[in-house]
Protein chains: 2
Amino acid sequence: MNIGNVSEQSGLPAKTIRYYEDIGLVQPSRRENGYRDFAVQDLHKLAFLGRARSLGFGIEECRTLLSLYEDRERSSADVKAIAQSHLARVDQKIEELQALSATLRDLVVRCHGDDRPDCPIMDDLTPSDLAGTRKHPAGTTL
Amino acid sequence: MNIGNVSEQSGLPAKTIRYYEDIGLVQPSRRENGYRDFAVQDLHKLAFLGRARSLGFGIEECRTLLSLYEDRERSSADVKAIAQSHLARVDQKIEELQALSATLRDLVVRCHGDDRPDCPIMDDLTPSDLAGTRKHPAGTTL
DNA sequence: ATAGTCCTTCCACCTACTGGAAGGTCAAGG
DNA sequence: CCTTGACCTTCCAGTAGGTGGAAGGACTAT
């Protein structure tokens with residue numbers, strides 16, 4: 001099967017499929033003319049990867065999940081552990097973003113938003129006390 | 001002021017400060033010996049940037065905010081517009097992650113997590129409806 | 001003179017792709 | 001036979017926002 005076909009059936013862009021081959025997630029064979037020739041199992045793997053990625057699993061997690069996918073003797077505990085730690089990370093991120101959202105919302109609400117320069121948002125950003133502590137409790141990153 | 005000093009007072013790593021110079025967010029002068037020489041205004045800018053970044057604003061937003069910071073005739077409306085659109089993006093992200101979290105949590109809860117291979121998480125990831133494929137016919141699929 | 005710390009530049013790496021250029025292959029139509 | 005267009009190939013560069021490290025110059029103290 002050619003890459004265009006596999007792309008269509010798996011829902012992954014051809015570029016992404018080549019990238020996945022590059023990092024060793026799939027190993028399609030080659031024809032005489034140099035074209036990749038995907039087996040049905042490769043298609044399955046790629047669809048599996050697409051779903052796993054859409055659930056937010058990282059590439060290395062996907063690699064592990066793929067090996068578990070191919071292991072009919074796997075323990076569901078191994079799969080669950082990966083999903084659980086991923087879930088914990090997602091929930092952690094949600095908390096950080098919620099704190100961020102609350103801070104931003106507060107600033108936005110307090111800013112009158114007219115043509116005068118006076119602005120609580122700018123006041124928050126403006127450094128008042130350098131080298132010292134206080135003012136902002138916690139910082140999060142996106 | 002040397003970069004180490006500025007780093008300490010602004011809370012930004014020296015590497016980051018050099019990077020910010022690279023992309024034109026600050027323009028410290030140079031001494032005879034090639035060392036960067038930061039003015040107090042540069043320190044203020046860097047602290048401003050650090051706070052804006054910690055609120056999740058992107059670099060280009062920071063660049064705009066910085067120009068508004070230096071413009072004493074700015075309209076608070078301009079600042080508010082940037083913060084509002086950023087807030088909207090954050091809230092959008094939260095919603096996406098919450099949907100993801102719900103899906104993952106459901107899968108994790110339904111997975112018994114023992115030493116048997118049977119696993120609802122894997123079932124979710126496993127492609128079932130691809131053209132020309134059957135669902136694991138006893139030992140053919142990986 | 002030498003040790004230790006600070007500073008410099010440059011290059012590579014991180015995630016997970018994505019875009020584009022330059023060029024080979026293949027099937028159909030005239 | 002030739003051309004057109006779709007498809008395929010590789011390789012290079014770029015994304016966001018830095019981080020790590022190497023190689024080497026500069027400063028300070030003893």
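This is a predicted model: local features need pLDDT of at least 70, side-chain atom pairs count only at pLDDT 80 or more; totals for chains, interfaces and linings use all residues.
## Two domains in chain A

The C-alpha centres of domain 1 and domain 2 of chain A lie 34 Å apart. In the domain assignment, domain 1 of chain A covers residues 3–69 and domain 2 covers 76–125.

Where the two domains of chain A touch, domain 1 gives 6 residues and domain 2 gives 5. On the domain 1 side of this contact there are 3 nonpolar, 2 polar and 1 charged residues.

Chain A has a mean pLDDT of 92, with 91% of its residues at 70 or more. Residues 138–142 of chain A call for some care: pLDDT stays under 50 there. For this stretch, the model has 6 contacts beyond four places in sequence.

## Where chain A meets chain B

Next comes the contact between the two protein chains. Chain A contributes 59 residues to it and chain B contributes 57. On the chain B side, two or more residues come from each of helix H3 (40–54), helix H4 (59–69), helix H5 (76–110) and helix H6 (120–125). Which helix gives the most to this side of chain B? It is H5(B), with 21 residues. By class, the side of chain B that touches chain A holds 28 nonpolar, 17 polar and 12 charged residues.

Of the interface residues of chain B, 93% are also interface residues in chain A, so the copies meet through the same surface.

## A two-fold arrangement

The C-alpha atoms of Ser29(B) and Ile94(B) are separated by 42 Å, and the two residues are 65 apart along the chain. Ser29(B) sits in strand E1 of chain B, which spans residues 29–30. Is Ser29(B) buried or exposed? Ser29(B) is exposed, because it has 10 other C-beta atoms within 10 Å, and a residue counts as exposed with 12 or fewer.

## The surfaces around the DNA

Helix H2 (14–22) of chain A, and helices H1 (3–10) and H2 (14–22) of chain B, each supply at least two residues of the surface near DNA strand C. That surface has 6 nonpolar, 7 polar and 4 charged residues.

DNA strand D is surrounded by 17 residues, the closest being Asn2(A), Gly4(A), Arg36(A), Gly58(B) and Ile59(B). Here H1 (3–10) and H2 of chain A, along with H2 of chain B, each provide at least two residues. The surface near DNA strand D divides into 6 nonpolar, 7 polar and 4 charged residues.

## A closer look at Pro120(B)

Our last stop is Pro120(B), found in helix H6 of chain B. Leaving aside neighbours within four places in sequence, Pro120(B) is in contact with Leu107(B), Arg110(B) and Cys111(B). Arg110(B) is 10 residues away along the chain, and its C-alpha atom is separated from that of Pro120(B) by 6.5 Å. Pro120(B) is partly exposed, because 18 other C-beta atoms lie within 10 Å.

Conventions:
Residues are numbered from 1 along each chain as its sequence is written. Chains are lettered from A and ligands numbered from 1 in the order in which they are written. Helices (H or I, at least four residues) and strands (E, at least two) are DSSP runs, numbered from the N terminus. Ala, Val, Leu, Ile, Met, Phe, Trp, Tyr, Cys and Pro count as nonpolar, Asp, Glu, Lys and Arg as charged, and the others, Gly among them, as polar. A residue is buried if 20 or more other C-beta atoms lie within 10 Å of its own, exposed if 12 or fewer, and partly exposed in between; C-beta atoms are placed from the backbone. A residue is near a molecule or strand if its C-beta atom, placed from the backbone, lies within 6 Å of it. pLDDT is the predictor's confidence in each residue, from 0 to 100. Two residues are in contact if their C-beta atoms, placed from the backbone, lie within 7 Å. Domain bounds come from an automatic or database domain assignment.
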